[in-house]
Number of protein chains: 2
Amino acid sequence: MNNYAAVVEYDGTNYKGFQAQPGEVRTIQCELVKVLKVLLGDFEGFSYAGRTDAGVHAKHQVINFKTERELNLYKFKWQANCLLPPDIVIKEMRTVSKIFDSRRSATLREYSYYVSNNNFHSAFLKNYSLLITKKLDIGLMRKAADKFIGTKDYKSFCNDNLGTSLTVRSVYSFKVRNFPDGLLVFKIAASSFLYNMVRIIVGTVLEVGRGDRNLESIDGALEARDRKLAGKIVPAKGLFLTKVLY
Amino acid sequence: MNNYAAVVEYDGTNYKGFQAQPGEVRTIQCELVKVLKVLLGDFEGFSYAGRTDAGVHAKHQVINFKTERELNLYKFKWQANCLLPPDIVIKEMRTVSKIFDSRRSATLREYSYYVSNNNFHSAFLKNYSLLITKKLDIGLMRKAADKFIGTKDYKSFCNDNLGTSLTVRSVYSFKVRNFPDGLLVFKIAASSFLYNMVRIIVGTVLEVGRGDRNLESIDGALEARDRKLAGKIVPAKGLFLTKVLY
């Protein structure tokens, strides 16, 4: 059995998230599986690094699948990209060891959240950023971001319908970068993330940047393990899965 | 009479170019004029810096119009942006002198052409770049670009259906920049451009980069004043109007 990994990029605007769902629901996984079936007939062990939500994008999602067939990866990538819809593309393919699993083997995932801090929303960024017209305090947001670095219980910063008890995660880095035309990028890397964790953390940091919340309230929210003490979740359209390391 | 200028950004993908045309044709000018009529009732002297073709985008188009009314520009911009379709946005507004004309007063126009030199086409750049899979020689393309700088007769590098005799233009700069993931940006600035001039020049430079044309052929093409000696025109979707100076 051969195990192949692919780096996939997609514009999530018109999809109900990555994961296949019952019923007539358009997801990234369905489109990828459809193409793999056309090209391979049969395959097994489909896995992926990050379960992105409806409307979330990826510059660097990693998937893997197993097949008895020996693939010419250059040719296979071309064929797959011809069959995939224009908003999903395979960037890179690689043969990986039999025990590699794109989800379980991942040691770091990085997400980037885009904010347009300006008094108009760029025609090119409307589907890819959140517009905030009030001038944000970047220095203060960097201090807020620092509070999330480390191994902590993020129970307050997730939407946990399944009542997961394991809410401790390791956040390795969290940077707030500013670019011309008021573009801000919030880059956060962790071992793995809880459900909606990035969007709730970014929402909380933005409340600090707006002056609607003080820095100390973040310590309190982390300690309390209570979703109600964290900030509002930000929209999916500004979020990108940007890196996965193994 | 007050004269107002606006910097406009648009994604040209779904438009038949900037200029209003007879019949049921969707153009950027029509959308802008429609909104100005709603907000002002009446206005005159609508002008614009660059007549972008169907599918061409703008990060920085400049328009102006005259009205008897005194406008609160902050409020007017908000109102206009609410009424405009999401792929057209006013970035900035300014009161200008009575004699300012966004087309005739312009002293420099800059266009940027985006090329994805890679073996896949990014899901985010499909409508905004030309994919070229053959590895391009950037050093050679920079030498080719230099040949277009100066005051020259660009008769060979335009599609001239009207038989314009004034085909001399001044190209001030022409740079080829490379960014990660094989993204190349061709930035060209001139007093003004002939019809299709940027896209034919970029097409010619790309033929040099591909090895399909030698550097000296550019001198020959410039001298000959014959469209047949220049390169193929590149698609509109990679072209952006990026700067206008006055």
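1. The largest pocket in this predicted model has a volume of about 2000 Å³, where a pocket is, on a 1 Å grid over the protein atoms alone, an open set of points with protein on both sides within 12 Å along at least five of seven lines. The grid points are joined across faces, edges and corners, and a volume is the space filled by probe spheres set on them. Of the 48 residues that line the largest pocket, those closest to its centre are A:Tyr114, A:Leu125, A:Leu183, B:Leu125 and B:Leu183, a lining residue being one with an atom within 4 Å of a point.

2. Divided by class, the lining of the largest pocket comprises 21 nonpolar, 12 polar and 15 charged residues. Here Ala, Val, Leu, Ile, Met, Phe, Trp, Tyr, Cys and Pro count as nonpolar, Asp, Glu, Lys and Arg as charged, and the others, Gly among them, as polar.

3. Between the chains, 27 residues of chain A are in contact (heavy atoms within 4.5 Å) with 27 residues of chain B. The area buried between chain A and chain B is about 1900 Å², with 63% of it from carbon and sulfur atoms; buried area is the accessible area (1.4 Å probe) that two parts lose on being put together, summed over both. A:Asn119, A:Phe120 and A:Phe124 supply 32% of the area that chain A buries against chain B, more than any other three residues.

4. Between chain A and chain B there are 0 salt bridges, a salt bridge being a side-chain nitrogen of Lys or Arg within 4 Å of a carboxyl oxygen of Asp or Glu. The rule does find 8 residue pairs in polar contact across this interface, both residues at pLDDT 80 or more. A polar contact is a pair of N or O atoms within 3.5 Å; within protein, one must be able to donate a hydrogen and the other to accept it, and residues adjacent in sequence count only if both atoms are side-chain atoms.

5. Within chain A, the domain assignment, which is automatic or from a database, gives domain 1 (2–96) and domain 2 (108–245). Domain 1 of chain A and domain 2 of chain A bury about 1200 Å² between them, and in domain 1 of chain A the residues A:Asp53, A:His57 and A:His60 lose the most area to domain 2 of chain A, together 40% of what that side buries. The count between these domains is 1 salt bridge, and the side chains of A:Asp53 and A:Arg199 meet in a salt bridge (3.5 Å, N to O).

6. On conventions, residues are numbered from 1 along each chain as its sequence is written, while chains are lettered from A and ligands numbered from 1 in the order in which they are written. Local features need pLDDT of at least 70 and side-chain atom pairs count only at pLDDT 80 or more, whereas totals for chains, interfaces and linings use all residues, and side-chain values use heavy atoms, with hydrogens and water left out.

Key: On a 1 Å grid over the protein atoms alone, a cavity is a set of points where a 1.4 Å probe fits but cannot get out, and a pocket is an open set with protein on both sides within 12 Å along at least five of seven lines; lining residues have an atom within 4 Å of a point.
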